[in-house]
Every structure is written in structure tokens, then in C-alpha cells.
Amino acid sequence: MIAKKVCLLGPTGVGKTSLVKRFVEGIFSEKYLTTIGVKIDKKTVTIDDTEIQLMLWDMEGTDRYCGFQTRYLRGAAAYIIVVDQTRAQTLIEGMEIHKLVKEECDIPSLLVVNKSDLDASWHWTADELDHYKRHFNATAMTSAKTGENVETMFNDLASLAFGSTQE
Amino acid sequence: MSQIEGPDDSQQDAIETQTNSSEGIEQDSKDMQRVRDLLLGNNRDVVTSPVKQDARSIVSEVFSEALFDRQKKDGSVDQVILPLVENSVENSINNHREQFVGYLYPLVGSLVRKSVTAFISEFLEKTNELIENSFTIKGLKWRYRAWRAGVSFSEYAASQTFQFRVKQVLLIHRKTGLLLKSVAQDHQLNDNADLVSSMLGAINDFVSDSFTSDSKDEEQNLGVVKTDNFTLLIKQGPYALLVAAVNGNESPHFNEQLQTTLEQIHRLYLNELVEFDGDDVPFDSCEKPLRDCLINELKPELETKQKQPWIAIILAFAGIVALLYYLVLWWQNESLVSEIKKASPPAGVIIRTIEQDGVNGLSLEALRDPQSTPIEEWLQQFKIGERTTQIKQELYLSAAPQMIQLRVESALSSFSGINTSWNGQVLSLSGLVTVTEYNDLQRRIEAIPGFKESFTLNMRNVSVKGEQTVNVTTQQQQLYQNALAEVQQIQFDFPVATTVLDRTQIEKVQNLADKIKELMLLAEINQYTMGVIVIGTADSVGASGTNTELSQARAEHVKSLLVEKEVASNEIMAVGIGKVELAQVATTARKVLINVVYHQNTLGHTEREGN
């Protein structure tokens, strides 16, 4: 079977872990997130008749004051930046993280705007959003609460990872 | 040319095919030479020269693949290239020694440090085990066994210490943390091996990042993760990690084996490791070397424990038999104790306690009248058998009628002429004795404790003999005299200036009353008339009149007490004589004295004083 390492990044409280919980059931406690900064789950998806096992590295939420463990990105085939549409600041922070990741490795990226079940309360216009989205290989609107678009988003991520060339 | 070139290519292929077949060359060389001559004649170079011109590009296109295929096929490429490379490296080192030292120094330094650290850590661990086991019973056993086996203690201890079981081996891609191959003793362990691998990779990264030093050359990696139950041994390679989950204490040999296996995998699968893109299929063939690492080293002791421990079984059986025998003895003894407790002891014996003394003996505490049956004799009726009996007895005088009778019988045994007859509460004696014996007999029988309380003595049928024959009347008179003496010797003492007896003196009143009644009985038998005079006295201190009153009051007091004890009032006279004027007793004469006036009745004869 083909296995791919993918990373989930984003500011604190945007719903990364909730997205993963929607998608998989793992064996590790979420305490890992606060102890070593990452928790790993797995999910097998099928892309073009090929089974791909995604190893999801759910990384501790980052903010402007603390970076993230770039070493955890090593060997990743793709990554997700998760932001929260109810908090405008998360997109700015997400973009900063995206920039940091790009400095480390050149792999496909996916922008996920989470909490689509709530009304968007940020001030970004459609044009501004499109501008940001252009920095990513793909984007998705998800709701970890309702499960909307979550499966599709991870399938897209698997496709990106499967099609990518590792650094 | 084009017409020529077409056939030339096919001919060249044919030629190469032929060339590759040494047998064909040998067998057909002459024929081929002839064919070449016929086809190409003297213009052979026209064909070969273009091939030679393009040889470089032709070979370069397939060079790597050809080497790979040939190496895979028979490994001969190694054999060819190895000496060349060795020579090249040797020459290079000889010519550029300084540069090589510069390249290798950091590597060798790090390697040496790691090696020395690993050695010291294993040495310390081994030493700790040795110390722990040197001063225990197990340590002594090991010393003995090592001595018997002819090996050093340290060798034997090491062989006993490093017993372990490798439960799972994981091959992990270093960069991605993805699982390449996993083998386990228990297949269930493989279910989450991929997650564990990734997490281990993450933890390794975490450790590296947290503890790394400034110099990138000294990246810190996890070597061992140890818990109470198992140890994770982690061997780090450039592209892969080899992780073994071990129960018990792994041996240094196993560490070496893991390291060797990891190196072997790097050697065999270098390309696959470098180009790994998530597909673990190429590593399926790693199963064999990984499975070789699933080692079970069982202690020889454990194997021998599978054998039946006959000695222990026999000892246990003997123990059970002994226990049962003990229980039977205990039960028999307890039954005997219960039987004895239920039985009535002989008269004059009171059993205070009886209990088992071990399982083959009795312990008994009792009170026994000297006249009663000995306890040992009584116990004979029970099935004592060989049991030991410890009897602790205290002597006492029993008030049981049987015992009093026995005592009487015993007392009478020295009087040969006396016969006894028990009639209810009356002991009737008969026979012929001397006067002395008569008195002695009466005294001794009445002195027997409890006799007076339970029995009445009848001695009317006892005849008295002497040197002169004494008739019955004389005997009775003698008895009267004896009783008279006893009555008259009784005195009561009073404290100064009191007319009432104290407690100890009052107790004597009953005795006096009994004796007076007995005396009256004897008086009647002897046909005497009698009266009792109770005489009160006083000491010489004080006025005479007062003393007379005191003495009179004392006499009246004693008389009243006697009347209470059913002595007829009209047969007692109380008189106070005042102070006693005798120098010897004058100061202590606060008494009441008893005197008896009697005389023989004479029919029709009555004398009166004063007439």
C-alpha cells in the first residue's frame, strides 16, 4: 500500500483536530499535541482505484508568538493550512505559517476555511480571498461540526499528496 | 548507404548475439568468418566504424540499468568493481591524506563517541546486574552453578541476565516516519504499527529538536525507550530506523544483530530507501532479515521447570499424609477428652480442666480428697492407650457424705472391736472398748470435718471394758463428767465498762448452747437434775456498786443469748458477783463464767437449804 505523510497546520482554535476527528479515529491521546506538539492519525482513501493511506500529522496550533516544529514537516507529501472564517486574524496567521512552510519545503498545499456552518464574520472581500487562495494548490470550505465537505477535502488532499513529488 | 545500413544493424545485432555466446564463437567462428567475408568483404569497417562512433551514447543509455540487472542477476558487478574502487580509494587516500583526515574526523569522532557510550552503558548495565545478583541467594546459586560449569561467574551471570523476547520489529523510513515493514510475534501488534511508527518518528524528531546541541554534527537521537514492561531499541540509519520492542533484558549480541540488520537493509535497499515515495511494496522482501530479529531467548531454568517436580510432589504428598495422620490423632484425642469431660468423676474428685497435651497426651487439673479414688485409677476405664497423662492435683477435704463415711471408716480402722452401722444420717457404733478408747473414739469421730453437720453419732451400743468391769451407768456418768468439764471451761471476755459481747465472743455462744443441751441430755440419762449458773464478774477498777451492776448486766446478757439459742430460760440463772478481788486477775476479770449445779435425783427426797 502507498502511504503519504500529510500535515495539518493553522492558528490555535481553528478546528484542525476537530477536522481530523471527523475524518478518522486514532489511537493516540490529544495530550500529545501539547506535549510533543503533534498527534498522528491515519485514514485510507481511494484515489483512481489506488488505495492511499494518509498519515495525518495534526500539529499543535501556532500563533504569532510561537513557531512550529518544522522538523515535523520532513518527508510530508502535502499540507493543509486551516483557518477560521469567524476570525479574520486566522487568515493572516495562516498565511504567515504558509510562508514559513514554503521556506522549508516545496510541497502541495491546501487552504481550508473551516466553520462554514457559522456565518462568515470576517471582513475579507471575495477578491481579497481569491488573492490569498492563489497561493495554494487548492482550497475548501469545511465544517467540522456538520461534517460538510470534510471527506471531499481530505480526498483532495490525498490527490495532491499522491500527485506530488517529494522534496 | 541506407540499403547497406539496414542490413548492417541486423548483422551487428547478430554479431553481438554471437559474441555473447562463447560456445557459438568457438563452434562457429570459422563459419562466421566465412559469412562475414562473403557479406562485407574488405569493407567491414564501413559497418563497424559508425557503431564505434556512437558507442559512448549507446552504452551510456543502458549502462546503469545493465549494471543493476547484472548485479541483481549474479552479483558479479560487485566482484569486478570492488577491487577497482578499493584501489582507487587507497590511491586517493595515499595521495590526499590530509584532506581525507579532514573529511573523516567529525564522522569518526562521532562514531567513536557513540560506540564508547553504547559500550559503557551496556557495561554499566551488566555490572549493575552482577552487583545486584552477587549478594543474593540467587547470586550464590549462580556462583555454584558457574563453578560446576567451569565458567566465570560474570559469564554465567550474563548468560542468566540477558533473557528476553523480541515481540515486534519495525522498519521505519527516517524522513517521513512512514512504516516500511513490520513483523511481530503476535499479528495483532501489526494493526497499529504504522501509527506507532509515525509517532515514534515524531517523538524522535521531538527529542532531536529538544536536546540537540549547537553543532549540527551532533544531532541527538533516541536510542532506547525503556518502560517497566518493555524496551524499545532504536537503531538509527541514514535513511531508515530499525525498532525492536523487547520484553526482558536484551543481550549485547542482539544489539549487534539489530545494527547489522539495519546496515544490511541499507546496503540492499539503498535505492528504494532514497527514492521512497510512500510505496512499501519493495520492502516486502525485508521480512526475512526482520523476522530473524524476532528472538526468544528462554532461560534454561524455564525449560527445566516444564519437567515434573517429582521431589516436590513426593514431599507434598508426604506432607499431606502426615497432616491427615496428625488430624486423625487430634480428632481421637479430642474425642477422648470430650468423653472424660462427660463422665462423672469419683466422689471427692473435682475436675477443674482437662485438655489435649499435643495429639498424644492429656493434661488434667483436679481437686482430690485424699480418701477418694486416685485419678490415675479412674482414668483406666477410658481407652487412654499409650497416651501420656499429666495430672496436676491439689488435695482438699470433701464434704460429700460418702467421703465423710470413708473418713469415719478410716478412723475406725484402728479400733478393732467396733462395728459400724449407717442408717440414714445416723452412725451407730457397737462393740467393746476401754474407757480411754471410748473417749478417743468419740473424739476422733466428732473431729472428722463435716461429720457433725451431716450425721448423728449413736454410741449407746458401745460397751466399755477395763481392768475392772465398768457398767453402763458408769460410762454415762463419765460422759456427763466430760461434757460438764467442757461446759464449765467456757468463759466470755468483755471489754472495759461494757455489758455486750463483741463478735468473736458471740460466736462462742452457739458452742456453749450445744454443749449445755448435750449436757442436759446426759443429765437426763444419768437421772441428774441440773441448772446452769451464769456468773458475771467485773474488774477491780471503779465503784463497787457500779461493778456489781456491770457484772449482773454481763451475766444477763449471756443468759439472754443462750435463751436465743434455745436453752430453757428457767434452767439458767444469771448472777453478778461484782468486782473480783484477787490481786492476780483483779484488773482483767471482766468476764462471764459458766458453772453447773447438779445432783442425783432421789425419789421422794427433796432437800431445801434454809429449811
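This is a predicted model: local features need pLDDT of at least 70, side-chain atom pairs count only at pLDDT 80 or more; totals for chains, interfaces and linings use all residues.
Chain A contains 5 helices and 6 strands. Along the sequence these elements follow the pattern β-α-α-β-β-β-α-β-α-β-α. Of the 167 residues in chain A, 46% are buried. Contacts in chain A that link residues at least 6 apart in sequence were also examined by separation; 75% of them join residues at least 24 apart.

The two chains meet through 22 residues of chain A and 19 residues of chain B. On the side of chain A that touches chain B, the elements giving two or more residues are β1 (2–9), β2 (38–47) and β3 (50–59) of chain A. The largest share comes from β1(A), with 4 residues. By class, this side of chain A has 11 nonpolar, 6 polar and 5 charged residues.

In chain B, 3 strands form an open sheet with the order β7-β8-β9 and mixed pairing. Its edge strands are β7 (349–356) and β9 (388–395) of chain B, each of which pairs on one side only. From one strand to the next, the twist averages 15°. Strands of a sheet pair through backbone hydrogen bonds, in either a parallel or an antiparallel arrangement. For β7(B) and β8 (residues 361–368) of chain B, the sense is antiparallel and the pairing extends over 7 bridges. Within this pairing, Val349(B) has Arg368(B) in β8(B) as its bridge partner. Helix α13 (residues 310–342) of chain B lies across β7 and β8 of chain B, and runs at about 165° to β7(B).

The buried residues of α16(B) are Tyr438(B), Leu441(B) and Ile445(B). Viewed down the axis of α16(B), these buried residues fall within an arc of 65°, and therefore line one face of the helix. The face of α16(B) turned away from the buried side carries Thr436(B), Arg443(B) and Ala447(B), which are exposed.

Note on methods. Residues are numbered from 1 along each chain as its sequence is written. Chains are lettered from A and ligands numbered from 1 in the order in which they are written. Two strands pair if DSSP finds at least two bridges between them. Axes are lines fitted to C-alpha atoms, for helices over the stretch in contact, and angles run from 0 to 180 degrees between N-to-C directions. Two residues are in contact if their C-beta atoms, placed from the backbone, lie within 7 Å. A residue is buried if 20 or more other C-beta atoms lie within 10 Å of its own, exposed if 12 or fewer, and partly exposed in between; C-beta atoms are placed from the backbone. The arc is that of the directions from the helix axis to the C-beta atoms. Ala, Val, Leu, Ile, Met, Phe, Trp, Tyr, Cys and Pro count as nonpolar, Asp, Glu, Lys and Arg as charged, and the others, Gly among them, as polar.
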